[in-house]
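Me: I am new to reading protein models, and I would like to understand the words used to describe them. Could you take me through this one slowly?

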Amino acid sequence: MFTLIIITAFAILISLIIFYRKSTNKTIDTDQKERYSSLLQQNVLFYRKLDESKKIRFVEKVCSFLGRTTIEGIGTAIDDKDRVLVAASAIIPIFNFGNWEYRNLTNVILYRDTFNHEFEYEGENRSLLGMVGTGYLNGQMVLSKIALHKGFDLSGGVQNTAIHEFVHLLDKADGYIDGIPELLLQNSYILPWITAMEQEIRRIQSGKSDIDPYALTHESEFFAVVAEYFFEKPEQFEEKHPELFSIVNQMFNPESKV
C-alpha cells in the first residue's frame, strides 16, 4: 500500500512538473549560449575534440534540446551545469543524425543519488542510476545526479549513465527496447550486428572481454553498454574490438544523415 502511494505521488508530481514548468521552444539568448559553450568546453571531452564549426552546431543542438525538454531536480537543486550535461548526454549519440530529435521524451528528472524501482531515493535497496520511463512514466527519464557528473569525469572509465539511458531511447524509437536499433541499422547490418553481439557476449561470459558484464543482462543493455564504451573511449574500443567498433561506428556516424 505504501509503495502504491509513493508511485501515485510520483506520477502526480511528474504531471505537475509537465503542466507548470514545461515550455516548448524556450528562447535561449546569446549570453546563455556562451555560458553553455563554456560549460561544455570545461566538462565534455567529446565537445572539446570537435572543430569550431561542429562546436557551434553542438551548442545549437544543446539549446534546442533544453528548449523543448524540462529538466527538474527531486531532492536536489540543479544548475546550468546539470542541464548542460544532460543535454550533452542526449546530443552525443545523435550528433550526426541531422535534425533528428527525441520525440519520446518530455522531461528528465534528476535525483541526487541512487534510487529504487519505486523511485524512492532514501532508505535501503537503492541501486538504480538511471531509468527510461514506461507506462504512466512514458516520456520521462530519471537519472542520478552523481552518476551524471561521474560519467563526464575523465577518471570515470568507459561508463556514462546518462548516455546509456539516451541510447535506450534511441533503441526505443522503433517501438521496442530490444538491442536492435532499427533506426540506426540498415537492413544489411542487422544480421552482422546480431552476430557480433552474440560473439562478444560469449567472450564476456568466458572472461575474455573488457566490456562491462552488465551487458549480459539483456540485448538492450548490451547495446547501451557498448555505446557508452564507444563514446567514452573510442580509441581503446577500436583497438580492442575492431569488428564491433566498425558496426557501432556505422550506427552513430552514418554516411547519410537520418
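Reply: Let us begin with a definition: two strands pair if DSSP finds at least two bridges between them, and strands (E, at least two residues) and helices (H or I, at least four) are DSSP runs numbered from the N terminus. This is a predicted model, in which local features need pLDDT of at least 70 and side-chain atom pairs count only at pLDDT 80 or more, while totals for chains, interfaces and linings use all residues. Residues are numbered from 1 along each chain as its sequence is written, and side-chain values use heavy atoms, with hydrogens and water left out.

Me: What is the order of the strands in the open sheet?

Reply: The open sheet has 4 strands in the order β1-β2-β4-β3, and their pairing is mixed. The twist from one strand to the next averages 15 degrees, an angle taken between N-to-C directions on a scale from 0 to 180 degrees, with axes fitted to C-alpha atoms (for helices, over the stretch in contact).

Me: Why do β1 and β3 stand at the edges?

Reply: β1 (70-74) and β3 (130-132) each have a single partner strand, so one side of each is left without a neighbour in the sheet.

Me: How do you know that β1 and β2 pair?

Reply: The definition asks for at least two bridges, and 5 bridges join β1 to β2, which run parallel. Within β2, L110 stands opposite G73. Strand β2 (residues 107-111) also pairs with strand β4 (residues 140-144) in the parallel sense, over 5 bridges, and there the bridge partner of L110 is L143.

Me: What makes β1 mostly covered?

Reply: A residue is buried under 20% relative accessible area, exposed over 50% and partly exposed in between, using a 1.4 Å probe and protein chains only. In β1, 4 of the 5 residues are buried, while buried residues make up 48% of the 258 residues in the protein chain.

Me: Why are α4 and α5 called roughly perpendicular?

Reply: The axes of α4 (residues 52-68) and α5 (residues 80-94) come within 9 Å and cross at roughly 110 degrees. Angles of 65 to 115 degrees count as roughly perpendicular, under 35 as roughly parallel, over 145 as roughly antiparallel and the rest as oblique, and α4 and α5 are therefore roughly perpendicular to each other.

Me: Which residues of α4 meet α5?

Reply: With contact meaning heavy atoms within 4.5 Å, F58, K61, V62, F65 and L66 in α4 meet residues of α5 including R83, V86 and I91.
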